[in-house]
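Here are some remarks on the model, arranged as numbered points for discussion.

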Amino acid sequence: MAINFYSLGAAQEVTGSKHILEIDGRSYMIDCGSFQGKRKVSDEKNRRFDFAVDKLEAVALTHGHLDHCGLLPLLAKKGYNGNIYATSATRDLANLVMMDSARIQARDREYLSKQAGKKGEKFNWQPLYNESDCIKATNQMVTVSYNRKLFVGPNVSLEFFDAGHILGSSFAYFYVNENGGSNETRILFTGDLGRRNKAIVRDPSTDFPAPDYIVCESTYGNRKHDKKDFAMHELIRIIRNAVEKKGKIIIPSFAIERTQELIYYLHLLVDKNKIPRIPIYVDSPMATNATSIFRVHPECYDESVSRAFIKHHKNPFGFGDLQFVASVEESKSLNKKEGPMIILSADGMCEAGRILHHLANNISDERNTILIVGYMAENTLGRRILDGEKEVKIMGDFYDVRANVETLNAFSAHADYEEIADWLSRIDTSRLKKIFLVHGEKDAQEFLTNYLGERGFKNVQVAKYGETYEL
């Protein structure tokens, strides 16, 4: 039986996860995500996506972030009619993310078409997919609970285990049986590997059969997160400083998981009188909708959040100082209000969405603070702010960066290099033949390869785009 693995995305880069397991000529796709980053470059990459859907037996979706689910509608548009396996929470979040992407593309086309018309230029750009394609993809999703093994193809089974990354996130564990089951090959795809002791979601699972191969993410392969206690003290300091200056704290935040986690922690700090009571705004329609999805999936919560909901009837995602901003007019009005206040807004990498308007209106005021709480990919506005550039381009205009820029990396949902090694040390590696690294920049993967090698994991290989590996 021939078993091969290759990647069509997130190979020596962070976004666009698309991994293929090929078994006797049949293909199984693990994630089908969009490339993110500089808009023109990522759009070109996404348009180059081509795959022989007639050979595709099934798709396993590890979680609902755009860089893992964002091209599923394009796959459906190209004629894929098979099953897309996911947990229930992942299905709900992915549906939200894909529909949002389709609407953004439609608005972009309308705007760019008008701009071209004003200049008398021809305009041929079309969205990759529309809302109907998203509905088709969502209808193809088959929801599967954690720890429920099922056949997804001839001699091939799939089982999801909790990845501890975001709500509903999973490891996709494939069992390939040869010779009627007497010889089994096991391949574990981590998707995005979460962290222990995070708020809301449970710890990444370590209770599964020993794998032969692991395809492991490496986003933070050369970085170490701050400890949570330190981060909470820093968050208190940052908020108190902003209150003294009557400034605004602008937090670019991913609409899914990061926003809900920050809401959870801000709620705790307010309850304990650790921070002054100031208005807190969630200015992201998708984050608002995602928070509603969080409320209806208690099966994914860790014990502390379950207690808050079930035993105390307390909503960790809503409290008196928190306001969800719905309309564009409400969003614009925030820029006219005086601080202090906290504004959480998407997109997390500052490449699109309402966060751009908040940055444009507030980044040049030294009373304000830009708080970076997540990963910023190369060539994004968020990365340029993080790297300390003194002048940045936002929506075509240049702005001086006079606001205080702070970074708190303890809130990342990705495991850092120590946490990846710790997770590997907790699982059964008695059969492990090789670890493939995906979903990371080259320097991070090089560091992680050496770090794991020093800890006994000698057979670690970086997966290269399009290169086939025999298992």
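1. Two strands are taken to pair if DSSP finds at least two bridges between them. On that criterion, in this predicted model, strand β13 (residues 280–283) pairs with β14, since 3 bridges join the two strands, which run parallel. One of the residues concerned is Ile 280, whose bridge partner in β14 is Leu 322.

2. These two strands belong to an open sheet of 6 strands, arranged in the order β14-β13-β15-β12-β16-β19 with parallel pairing. At its edges stand β14 (322–324) and β19 (404–407), and because each has a single partner strand, one side of each is left without a neighbour in the sheet. From one strand to the next, the twist averages 20°.

3. Strand β8 deserves a separate look, as it is mostly covered, with 7 of its 7 residues buried. Val 156, Leu 158, Phe 160 and Asp 162 point one way from β8, while Ser 157, Glu 159 and Phe 161 point the other way, and all of them are buried.

4. Which strands pair with β8, and in what sense? Strand β7 (residues 150–153) pairs with β8 in the antiparallel sense over 3 bridges, and Leu 150 stands opposite Leu 158 in β8. The hairpin of β7 and β8 has 2 residues between the strands, and in this hairpin Asn 155 takes a positive phi near 65°. β8 and β9 also pair in the antiparallel sense, here over 7 bridges, and the bridge partner of Phe 161 in β9 is Phe 171.

5. A pair of aromatic rings is described by the distance of the centres and the angle of the planes. With ring centres required to lie within 6.5 Å, the count comes to 19 aromatic pairs. For Phe 5 and Phe 436, the ring centres are 5.1 Å apart and the planes are at 55°, so the pair is tilted. This pair links distant parts of the chain, with Phe 5 in strand β1 (residues 3–9) and Phe 436 in strand β20 (residues 434–438), 431 residues apart. Phe 5 counts as buried at 0% relative accessibility, and Phe 436 is buried with a relative accessible area of 2%.

6. Another of the ring pairs is formed by Phe 161 and Tyr 173, whose centres are 5.8 Å apart and whose planes are at 65°, so that this pair is edge-to-face. Phe 161 lies in strand β8 (residues 156–162) and Tyr 173 in strand β9 (residues 170–178), 12 residues apart. Phe 161 is buried with a relative accessible area of 2%, and Tyr 173 likewise counts as buried, at 0% relative accessibility.

7. Ring pairs also link Phe 5, Tyr 28, Phe 174, Phe 189, Tyr 213, Phe 436 and Tyr 469 into a cluster. As for charges over rings, the charged end of Lys 18 sits over the ring of Phe 49, 5.3 Å from its centre, and Arg 223 lies over the face of Tyr 220, at 5.6 Å from the ring centre.

8. Lys 332 and His 358 are 26 residues apart in sequence, and their C-alpha to C-alpha separation in space is 8.4 Å.

Technical notes: Residues numbered from 1 in each chain as written. Predicted model: local features only at pLDDT ≥ 70, side-chain atom pairs only at ≥ 80, totals over all residues. Heavy atoms only, no water. Phe/Tyr/Trp six-rings, centres within 6.5 Å; stacked < 30°, edge-to-face > 60°. Helix = DSSP H or I, 4+ residues; strand = E, 2+ residues; numbered from the N terminus. Buried < 20%, exposed > 50% of the residue type's maximum accessible area, 1.4 Å probe, protein only. Lys NZ or Arg CZ within 6 Å of the ring centre and 35° of its normal. Axes fitted to C-alpha atoms, helices over the stretch in contact; angles between N-to-C directions.
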